Amino acid sequence: MARTLRSLRRVLLAPELAEVSFARRGFPPLPAGSPAARLQDVPRAVVCGFEWAMEERGVQDIAHRLELLDPEQRGFGYEGATMALTVLDVMGRGHRTRQLLDGPGRPHVLLAYIGIGFAMARLPRVLWGKVLPDLTDQPFHPVMSWLAVDGYGFDLAYFHTRRWVDEQRVPASHPWQGAPDYFPRAVDQGIGRALWFIHGARPERVDAAIRAFAGHRQADLWSGAGLASAFAGGCGADTFAELRRLAGRHVPDLAQGAVFAVRARDLAGFVPEHTAVATRALTGLSVEAAVALADDSAQPEGGPGPVPAYEHWRRAIRAHFRPEVAARR
């Protein structure tokens with residue numbers, strides 16, 4: 001019976017591998033053999049992680065399977081596994097997500113939050129209060145749990161592109177971490193991340209897509225694009241430089257996203273070459289300096305008012321890249 005229920009959940013909630021392909025989603029084709037073509041490995045790794053977590057009973061068994069993924073893609077596998085365990089926990093009142101993230105998934109916790117957001121996209125909002133595990137002994141919790149909302153936004157844009165990208169719909173608010181007014185901004189960060197995939201690492205198309213949104217939404221969209229480009233890659237130094245040029249006055253937002261990306265890669269213990277190249281091109285910093293900036297800017301507590309500590313952290317990083325600050329350096 002338990003196996004039957006697990007199979008039913010998998011069928012109802014998991015996208016098939018064919019469904020996540022760029023061609024099936026209607027995204028522009030990618031040249032075969034190009035760096036951008038490797039972006040399609042990302043959603044595949046997420047789906048594999050989901051399937052494996054649905055099939056295995058213990059978190060160590062899941063981790064052993066995820067070790068089969070290339071280190072560059074392993075964090076994405078943990079996204080999918082966390083998505084699966086979140087669904088199972090919410091529907092069955094278990095604690096598998098916490099066991100995974102307190103155990104072998106701990107280095108991938110920032111990506112795992114995104115996986116929680118993928119689960120949120122498939123669960124009714126009335127259950128969202130149950131999706132976040134208790135990770136109180138982890139330094140990034142609950143500040144970086146806003147990445148779950150980011151993941152929710154990514155899922156909306158990736159699978160429902162016409163509504164959330166072409167029509168620029170605004171998501172309904174939700175009192176995540178007691179900050180309902182900030183919720184749409186975190187969703188936009190996820191939409192911005194999705195744009196890097198939807199437009200196949202083509203800066204001019206990403207720029208055009210962001211410009212179609214209302215002006216007050218563009219900063220968060222650029223931040224998401226910076227995070228996705230630095231984490232997932234898909235291009236070389238010249239393309240990263242073009243992305244920075246097109247960002248214009250939003251360079252601090254783009255750079256902030258890249259800093260978060262390199263911090264997540266460093267935490268997971270593997271920084272691919274494209275992340276180092278992107279970090280230098282988008283921020284002017286080395287990997288080590290970007291990690292130090294992220295840690296030095298960390299805001300464990302929010303300030304007065306409805307702005308969460310997560311946004312105070314983002315602001316502190318952005319301030320480093322303001323033109324007048326950069327000029328003094």
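## The largest cavity

Around the largest cavity, the lining splits into 14 nonpolar residues, no polar ones and 4 charged ones. Here Ala, Val, Leu, Ile, Met, Phe, Trp, Tyr, Cys and Pro count as nonpolar, Asp, Glu, Lys and Arg as charged, and the others, Gly among them, as polar. A quick word on the source: this is a predicted model, where local features need pLDDT of at least 70 and side-chain atom pairs count only at pLDDT 80 or more, while totals for chains, interfaces and linings use all residues. Residues are numbered from 1 along each chain as its sequence is written, and side-chain values use heavy atoms, with hydrogens and water left out.

How much space lies in the largest cavity? About 220 Å³. Of its 18 lining residues, P43, V46, F118, F154 and F159 are the closest to the centre. Helix α3 (41-55) gives the largest share of the lining, 5 residues, and α5, α8 (146-159) and α10 (183-198) each supply at least two. (Helices are DSSP runs of H or I, at least four residues, numbered from the N terminus.)

## What counts as a hole

Rolling a probe the size of a water molecule over the atoms shows where empty space is left. On a 1 Å grid over the protein atoms alone, a cavity is a set of points where a 1.4 Å probe fits but cannot get out; a pocket is an open set with protein on both sides within 12 Å along at least five of seven lines, and lining residues have an atom within 4 Å of a point. Points are joined across faces, edges and corners, and a volume is the space filled by probe spheres set on them.

## The second largest cavity

The structure holds 4 cavities of 30 Å³ or more. L111, I114, R193, L227 and F231 are the closest to its centre, out of 15 lining residues. Helix α12 (218-232) gives the most, with 4 residues. By class, this lining has 13 nonpolar, no polar and 2 charged residues.

## The largest pocket

Now for an open space: the largest pocket holds about 200 Å³. It has 13 lining residues, and D89, G94, H95, K130 and P133 are the closest to its centre. The classes here are 4 nonpolar, 4 polar and 5 charged.
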